Amino acid sequence: MNGKLKWIIETVKLELSKEPSAIVIGKLGDRNKNEILNDNLKIQSYYEFLREYNGARFGSIDLWSSELLLKNQYRVTEIPGGEDNWTCIGQILYEPTVINKKDGKVYRFYQGHETDM
């Protein structure tokens, strides 16, 4: 994860925590204490995010923690290419959000059709 992106995420996390009694509009997870294994360099950046923040929730957008990531890979079995090509990292309005293992890009599958993010 590059320094500028980390600074932006840390700034957002700080702002979200400043008013604990306010309506929660988002939450970034805490640093992951568990070891997360990944041998695919194309999606290494996402695993770096999981080590630092271990998931996030922003209304209808969920980026799963490392614990939920493994439990939700069944969602890619019906996507062309399945687990060989995709890692499901979360959901937007209950539709899968995935990373392509070959190019590292993030996609959202809406009613079975991919949409480049």
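Is Arg-57 buried or exposed? Arg-57 is exposed, with a relative accessible area of 53%. Here exposed means over 50% relative accessible area, buried means under 20%, and partly exposed lies in between, with a 1.4 Å probe and protein chains only.

## Ground rules

This is a predicted model, where local features need pLDDT of at least 70, side-chain atom pairs count only at pLDDT 80 or more, and totals for chains, interfaces and linings use all residues. Residues are numbered from 1 along each chain as its sequence is written, and side-chain values use heavy atoms, with hydrogens and water left out.

Helices (H or I, at least four residues) and strands (E, at least two) are DSSP runs, numbered from the N terminus.

## Salt bridges

Side chains of opposite charge can pair when their charged atoms come close. A salt bridge here is a side-chain nitrogen of Lys or Arg within 4 Å of a carboxyl oxygen of Asp or Glu. The structure holds five of these salt bridges. One of them joins Arg-57 to Asp-62, with the closest N and O atoms 2.6 Å apart. Arg-57 is exposed. Asp-62 is buried, at a relative accessible area of 8%.

Glu-52 pairs with Lys-6 in a salt bridge, and their closest N and O atoms are 3.0 Å apart. This pair links distant parts of the chain: Glu-52 sits in helix α2 (residues 44–53), Lys-6 in helix α1 (residues 3–17), and 46 residues separate them. Lys-6 counts as partly exposed, at 31% relative accessibility. Glu-52 also forms a salt bridge with Arg-31, where the closest N and O atoms are 2.4 Å apart. That pair, too, links distant parts of the chain: Arg-31 is in the loop between β1 (27–28) and α2, 21 residues from Glu-52. Arg-31 counts as exposed, at 53% relative accessibility. What do shared partners make of Lys-6, Arg-31 and Glu-52? Salt bridges that share partners join Lys-6, Arg-31 and Glu-52 into one network.

## A nonpolar surface patch

Leu-5, Trp-7, Ile-8 and Val-12 form a nonpolar patch on the surface. Together they have about 380 Å² of accessible area. Such areas come from the Shrake-Rupley method with a 1.4 Å probe, and for residues only the protein chains shown count as cover. Patches are made of residues with over 30% relative accessible area and no salt bridge; like charges are joined within 9 Å, and nonpolar side chains (Val, Leu, Ile, Met, Phe, Trp, Tyr) within 5 Å.

Leu-5 belongs to helix α1. Leu-5 is partly exposed, with a relative accessible area of 41%.

## The largest pocket

The largest pocket has a volume of about 390 Å³. Of its 20 lining residues, the closest to the centre are Leu-5, Ile-9, Tyr-46, Phe-49 and Leu-63. A pocket is found on a 1 Å grid over the protein atoms alone: it is an open set of points where a 1.4 Å probe fits, with protein on both sides within 12 Å along at least five of seven lines, and lining residues have an atom within 4 Å of a point. Grid points are joined across faces, edges and corners, and the volume is the space filled by probe spheres set on the points.

Which elements each supply at least two residues of this lining? They are α1, α2, β2 (56–58), β3 (61–63), β4 (86–92) and β5 (95–100). By class, the lining has 16 nonpolar, three polar and one charged residues. Ala, Val, Leu, Ile, Met, Phe, Trp, Tyr, Cys and Pro count as nonpolar, Asp, Glu, Lys and Arg as charged, and the others, Gly among them, as polar.

## Helix α2 and the loops

The buried residues of α2 are Gln-44, Tyr-46, Tyr-47, Phe-49, Leu-50 and Tyr-53. Asn-54 follows α2 and lies in the loop between α2 and β2. Phi of Asn-54 is positive, near 45 degrees, in a residue other than glycine. Asn-54 is buried, at 14% relative accessible area.

Tyr-94 also has a positive phi, near 70 degrees. Tyr-94 is in the loop between β4 and β5 and counts as exposed at 67% relative accessibility.

Leu-41 lies in the loop between β1 and α2. Leu-41 counts as exposed, at 73% relative accessibility. Leu-41 and Asp-103 are 62 residues apart in sequence and 9.7 Å apart in space, C-alpha to C-alpha. Asp-39 has its place in the loop between β1 and α2, and counts as exposed at 76% relative accessibility.
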